[in-house]
Amino acid sequence: MTSTGPLAGVTVIDLTRVLAGPYCTMILADLGARVIKVETPGRGDDAREYGPFVNGKSAYFISINRGKESIALNLKEASDRRIFEALLAGADVVIENFRPGTMEKLGYGWEDVQNRYPALIYAACSGFGHTGPHSTRPAYDMVVQAMGGIMSITGQPGGEPTRIGMSIGDIGAGLFTTIGILTALFERKGSGRGRKVDIGMLDCQVALCENAIARYSATGEVPGPLGGRHPSITPFQTFRTRDGWMIVAAGNDVMFTRFCDILERADLAADPRYASNNLRNENQQTLEVEIEGILKGRDTADWLALLDPAGIPASGINSISTVLEHPQIEPRNMVIDVDDPTAGHLRVAGSPIKISGFEDPRSRPSAPDVDQDRARILEELGHAAE
């Protein structure tokens, strides 16, 4: 495959499976890197078995493995090890998300790779990272959501523990792994050496809880779930309207005053209990009652027609179907086309990274079948096609 993206010329050997690692390498592929997915012979990536399925092919798998190539290798067999080592010799990055110790047993841990391929960047994305007492434990998204504290601040006060509605444990780790890889690529320009990028999913959850951790450090109070409101800014939450719910985020005093004018309640802005954000936060419950009592008098669309022109950040609560119809989505190319020979035409999320001078294609190549690119890759490596 050829690419004209900003990472064109960068080759990534991708040993990852399921979500965190594949999400990282999808980003790299979208940015122009060549990603060669090394899969288990036969069944390949576990995510190939995750639905929904279209004509027997996983739409889940396609959505995060688009634009990659596939070769199936058994790294315990001598012939496949030779192929793998030839791939490493010509690559810029190798990424894996096995439990720590797995690659070492195969002879491809960081120290082995560093000695044989000193310019190769080695990225590892695991549940708990490669150090610490829990490093060898397995982890899935929901485990680190619970362990990392993010579930404790999600949901309604007094409600059951609630998982965030997308896989933030995996996606967060995938994003941080991408940042680490790009940083190592940049640093290599000066040093000429590869680096190890060690990402733990739990670490990423802790990093994403930065506001909650700062609040606990400052006050000694353990944060809990607040439903649809911000812990430090008021009004910045969900409100009922006549026909549903909406978000209003009046994040400073000027916006609050303007918001009160739209509500035809200038007295709220003049009330000493609400004179500053800190005071509004202290009196959030009484202010919420006042605001919601007014907002419930009209439909969400009616309020948005007043708030949007006034520059007050606000929105209805879109479903996935309605967000795809939002007028901002199509011009930003945030839903793209993938045409798969088995599944047919699919629409998937596009790349939010827009870089001047580089095309943001409206379609992307589909995800490969297991071992689909073997013959071409072997030919490139100088092996006889099987």
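Before anything else, a word on what I mean by a helix: a DSSP run of H or I with at least four residues, numbered from the N terminus. Leu295 belongs to helix H13, which covers residues 284–295. Please keep in mind that this is a predicted model.

Is Leu295 buried or exposed? Buried counts as under 20% relative accessible area, and Leu295 has a relative accessible area of 0%, so Leu295 is buried. What does Leu295 touch, once we set aside its neighbours within four places in sequence? Its contacts are Phe239, Arg240, Thr241, Arg242, Val248, Leu263 and Trp303. Now look for Glu77 on your screens. Leu295 and Glu77 are 218 residues apart in sequence, and their C-alpha atoms lie 67 Å apart in space.

Let's step back to the whole protein. The C-alpha trace spans about 80 × 45 × 40 Å along its principal axes. In secondary structure, we have 16 helices and 14 strands. The protein has 386 residues, and 43% of them are buried. If you take contacts with a separation of 6 or more, 69% of them involve residues 24 or more positions apart.

Now for some helix pairs. I'd like to begin with H7, residues 168–191, and H1, residues 20–30, whose axes come within 7 Å of each other. They cross at roughly 50 degrees, and H1 and H7 are therefore oblique to each other. The crossing of H1 past H7 is right-handed. Which residues make the contact? From H1 we have Ala20, Tyr23, Cys24, Ile27 and Leu28. H7 brings Asp170, Ile171, Ala173, Gly174, Leu175, Thr177, Thr178, Ile181 and Leu182. Sorted by type, the residues of this H1 and H7 contact are 10 nonpolar, three polar and one charged.

H7 has another partner to show you, helix H8, residues 201–208. The axes of H7 and H8 come within 9 Å and cross at roughly 95 degrees, and that makes H7 roughly perpendicular to H8. On the H7 side, the residues that meet H8 are Ile168, Gly169, Asp170, Gly172, Ala173 and Phe176. Facing them in H8 are Met201, Cys204, Gln205, Ala207 and Leu208. This contact of H7 with H8 holds seven nonpolar residues, three polar and one charged.

One more pair: H3, residues 78–89, and H16, residues 374–381. How do they cross? Their axes come within 11 Å, at roughly 70 degrees, which makes H3 roughly perpendicular to H16. The crossing of H3 and H16 is left-handed. Asp80, Ile83, Ala86 and Leu87 of H3 make this contact with Arg374, Ile377, Leu378 and Leu381 of H16. Between H3 and H16 the tally is six nonpolar residues, no polar ones and two charged.

I'll finish with Val143, which you can find in helix H6, residues 141–147. Its relative accessibility is 36%, so Val143 counts as partly exposed. Arg163 is 20 residues away from Val143 along the chain, and the C-alpha atoms of the two are separated by 9.9 Å.

How values were computed:
Residues are numbered from 1 along each chain as its sequence is written. This is a predicted model: local features need pLDDT of at least 70, side-chain atom pairs count only at pLDDT 80 or more; totals for chains, interfaces and linings use all residues. Side-chain values use heavy atoms; hydrogens and water are left out. Axes are lines fitted to C-alpha atoms, for helices over the stretch in contact, and angles run from 0 to 180 degrees between N-to-C directions. Helices (H or I, at least four residues) and strands (E, at least two) are DSSP runs, numbered from the N terminus. Angles under 35 degrees count as roughly parallel, over 145 as roughly antiparallel, 65 to 115 as roughly perpendicular and the rest as oblique. A crossing is left-handed if the near helix is turned anticlockwise from the far one by less than a right angle, and right-handed if clockwise. Contact means heavy atoms within 4.5 Å. Ala, Val, Leu, Ile, Met, Phe, Trp, Tyr, Cys and Pro count as nonpolar, Asp, Glu, Lys and Arg as charged, and the others, Gly among them, as polar. Buried means under 20% relative accessible area, exposed over 50%, partly exposed in between (1.4 Å probe, protein chains only).
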